[in-house]
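This report covers a pocket, a cavity, a helix crossing and an aromatic pair. Please view the sequence and structure before reading on.

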Amino acid sequence: MAPDPRSPLPLSPRVFYVLLALADGEQHGYAIARAIETKSGGTVRITSGTLYPIMRQMLDDGWIGEVDDEDPRRRSYSLTPRGRRIAQAEAARLAEVVRLARSCKLLPAGA
Amino acid sequence: MRALFHFVCLAYPRDFRTRYFRQIVGDYEQHQADVPGGFAYLLRMLSDVLVSGLQLRFEMMGRDLSIALRRLRQSPLLVFIVVITFALGIGANVTVFSVLNAVLLQPLPYPNAPRLITIRVINPHWPEIYPDSMSLPDLWDMRTRTTTLQSLAGFNEGSRTLTGYGKPVALHATDITWRFFDTLGVKPELGRFATQQDTERAKPQVVISDALWRSRFNGDTNVVGKTITLNGVATQIIGVAPPGLQTPDPFGAGFYRADIWTLVSEHAASNFRGWRSMFAIGVIRPGVSFQAVRADVNRVQEQLRVQYPGYDGHNSAIVTPLRDAIVGNSAPALLWMIFCAVLGVFAIMCANVASLLLTQTNARTHELSMRVALGASRSRIMHQLLTESGVLAVFGGIVGVAIAFIALREFTAVASDEIPRLAAARIDLPVMLYSTAIVILAALFAGSAPAWMLASTPSLSLIRSASRSGIASNRRVQSALVVLEIAVALALVTASGLSLRSFYALTHADIGVRAQGVYLSGVFTFPRERFPTADSKAVIMDRLQRRLAGIPGATSSLALNYPLGDASITSNLDIAGVRHAPGNTPDAVFNPITPAYFQALGIPLLRGRGFTNDDSSSSAPVAIVGASFAKFFPKGTSLVGRRLRMNLLNLRRPRTWMTIVGVVADTRNGATANVQPEVYLPLPQTSNGWINAVVYAPHADPAAVRREISAAFENADPLSPAPAVHTYAELMADSARSVRFSAALFTALGLIALALAIAGIFGVVSYAVSQRQAEFGIRMAIGSTPVAIMRNVLAGVVTLLCAGVAIGLVLAALAGRAIGTQLYDVQSLDVATLTAVTAILAATALLAGALPALRAARVDPARTLRYE
């Protein structure tokens, strides 16, 4: 039986952004880091120095996979089905949080 | 740039580095291509690498640690044995290091410490009289004529009796000249120290110790200016010394704690150049070299020799740094030796733990091979093993430092008199740093054997679980460790045996007096101020003798000194009819006694007569000499009837001729002392500054005799404190203190080493037997007998033993050589000791091997073969 994808939640922002960056398709490390900075509007800042330790853990846990690139210096990464399920679970959790915030009038409805 | 990356990436654990380095550098280069010149980005990148690298490492260590703790919790017995072993080894090490640190490595406790020197003045012709000391006039000249010394002072040990504060109290005093405290560089806690004017005041001046100030004067801040009575003389307190100030004792045991420092006038009329009453301590001017001081002092001494040929004609001065003078010659050698011994124990300890852990590693081959198969790198597993030994070493270290703390307290209590500066030993920062280093070493040594074993075993055989080849190399390492243990244990137990034999010989040596039933008082001093004349002292001595005579069944006497006493006086003498070259007149020990002295000590009268009560202050001067006195005469001369003359102030009629009326057997002042010619005089014909009681009471209750002797002194002079009372057994043991000390130490270390070696042998043989079950089963099945199997196992023990003993004998010979100067009446290469020690070691080793051998002999072939 597959482990419950909700068990590692909540994810740290960096981990979630790595999953988001890979949701569009396979990327290499540098592109992931840039994607994170753009997608977060600069609020999550990350360089390769911190990116690879996070990605190694994700690789070990089987959330992402590794493939060879044409450029021998780099490798590309992609989401595994398990990684995708976890990203979905985290997104659902965040949506639920947003719903809750609305019901408490912390956010304008339908914004 | 690449080099910079390479360097910073070292923060990452290695496996991470090899996997991601190229990608990290590649990403940076890509960024440079996209956004040229981004220096801020480089900085961010590097700091990210550093921080996350260290984070990864800490996480890894934390993981290793939790695995190690979990594993160790599964084998509490192993943990217990290893921790205790580590604790003993580390505890012994830390104790000895803290002593070494205090005695040899720390500076002296004076602000001027590095610049302090002593000046010893010696006369080669009269070496026994006032060794190393200077007269006050010489000191004055030396101080005023030298140019390289900032300050020079004289001091000497003394005693005073304080009255007016309850019972009379004996105070330990230091007589000093006024520059004493300036020379050391210490400042008073209260009041002031002396000035030159102080020494010329009519009323004597004194500085009291912090301890005396607190105990006798309740820390009263108005104590300065107060007048107290010392030896019956009104004396003014001018200051209080800082707490813990000790007086250096460069010619004795390092330091002593004085209660008071009494000021002595530098040029009173009573000082004369021949009375060498002071030791000299000086401080070098800043920036002046030691060689310059030596030349300067020698120049002044040369002037004095020319100027005062009658006093200083033969004297020469020796300048020594105070530190060297205090630490002395024998203590450092002894301490370094002990330190080596402790390192030996430490080596055994590491060997034992390594051996135990090896056994464990072998038992874990399954687990480890699984982990290798699952892709764990070898370096990871080695890390893991080292973490385990590290955890054990840290636990052992904590218990060890606790042991050291207790041991040090006991040790300083026992041996403070023996080793200069020992009293200052404590567990401080340098000792803690040393302890940390030792713990790390222990973890590495003990942990690296299993780790190395693992690294040297091919992976295949690791994976092929419980492989025989791994075990074989393992056993070789273990055997080597056991050989080392036997060798070190042999050397240590030999050192202990030699010291014990020396101690026995020293305490049972014949010094010419009877050993049993004799009671000896310490020195009772007649303060000059209260007893200015011989007659005033005679009253006290009469009272004393009458009371002592009342002790039932006792033979009692008074004497200036006795063998092993510390109050002897040596004098040179003239012998009628025998001519000696000037400057080469014979010396003799001089001892005024009452008639019963020889009976009390059992010293046989060889010729002539003993003293009687008729030998009084008014009768003809007579003397009795020891047999060795004959060496001053031509062979065959009869000593009785010859006359001699002494140059002593203690005589009632100085420089009168005395007739020898008797000859007694010689005595010696201790086991290691040579016989010295001795001259006994009737007590009433002399006038002495002090006296001892010597009482022979073979059948009386010892406690009662001691009480009675003390009471006799208190009764004779209620204003003086009664001296302590000793027996010869106590004095003998006391004189052999340093040997007793090393004997106790080596015995303790030797026993620890022996215990560790036995444990090691037991462990190795048990392990070997457990691994060879199948082999024994087959042997039994094809007709071998249990006895043959036992013999086979024990043969292994004998091989280890022979190798260990061979190396051990060499080490023992070296150890014996090293403690040679400490030994008495035993050769450093003593065959009897070596044989005995080897026999003990062999017996225990065989016993340790016999238990597992017995188990091997009981192997049931059917069962073991079924397991295979």
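## Second largest pocket

Three helices each supply at least two residues of the lining of the second largest pocket: α3 (48–61) of chain A, and α2 (14–34) and α3 of chain B. Helices are DSSP runs of H or I with at least four residues, strands are runs of E with at least two, and both are numbered from the N terminus. A pocket is an open set of points on a 1 Å grid over the protein atoms alone, with protein on both sides within 12 Å along at least five of seven lines; lining residues have an atom within 4 Å of a point. The model is predicted: local features need pLDDT of at least 70 and side-chain atom pairs pLDDT 80 or more, while totals for chains, interfaces and linings use all residues. Residues are numbered from 1 along each chain as its sequence is written, chains are lettered from A in the order in which they are written, and side-chain values use heavy atoms, without hydrogens and water.

The volume of this pocket is about 730 Å³, taken as the space filled by probe spheres set on grid points joined across faces, edges and corners. Of its 24 lining residues, R56(A), Q57(A), L56(B), E59(B) and R63(B) lie nearest the centre. α3(A) gives the most, with 7 residues. By class the lining has 8 nonpolar, 6 polar and 10 charged residues. Nonpolar means Ala, Val, Leu, Ile, Met, Phe, Trp, Tyr, Cys and Pro; charged means Asp, Glu, Lys and Arg; the others, Gly among them, are polar.

## Largest cavity

A cavity is a set of grid points where a 1.4 Å probe fits but cannot get out. The structure holds 3 cavities of 30 Å³ or more, and the largest has about 110 Å³ of space. It is lined by 14 residues, the closest to its centre being L357(B), Q360(B), R364(B), L385(B) and E388(B). The largest share of the lining, 4 residues, comes from α13(B).

## Helix crossing

In chain B, α3 (residues 39–73) and α13 (residues 378–415) pack at about 65°, with their axes 9 Å apart. Axes are lines fitted to C-alpha atoms over the stretch in contact, and angles run from 0 to 180 degrees between N-to-C directions. Residues in contact (heavy atoms within 4.5 Å) include M60(B) and L72(B) of α3(B) and R380(B) and E388(B) of α13(B).

## Aromatic pair

F181(B) and W261(B) are edge-to-face, 5.7 Å centre to centre with 70° between the planes. Rings of Phe, Tyr and Trp (its six-membered ring) pair if their centres lie within 6.5 Å; planes under 30 degrees apart count as stacked, over 60 as edge-to-face and the rest as tilted. F181(B) lies in α6 and W261(B) in β10, so the pair ties together parts 80 residues apart in sequence.
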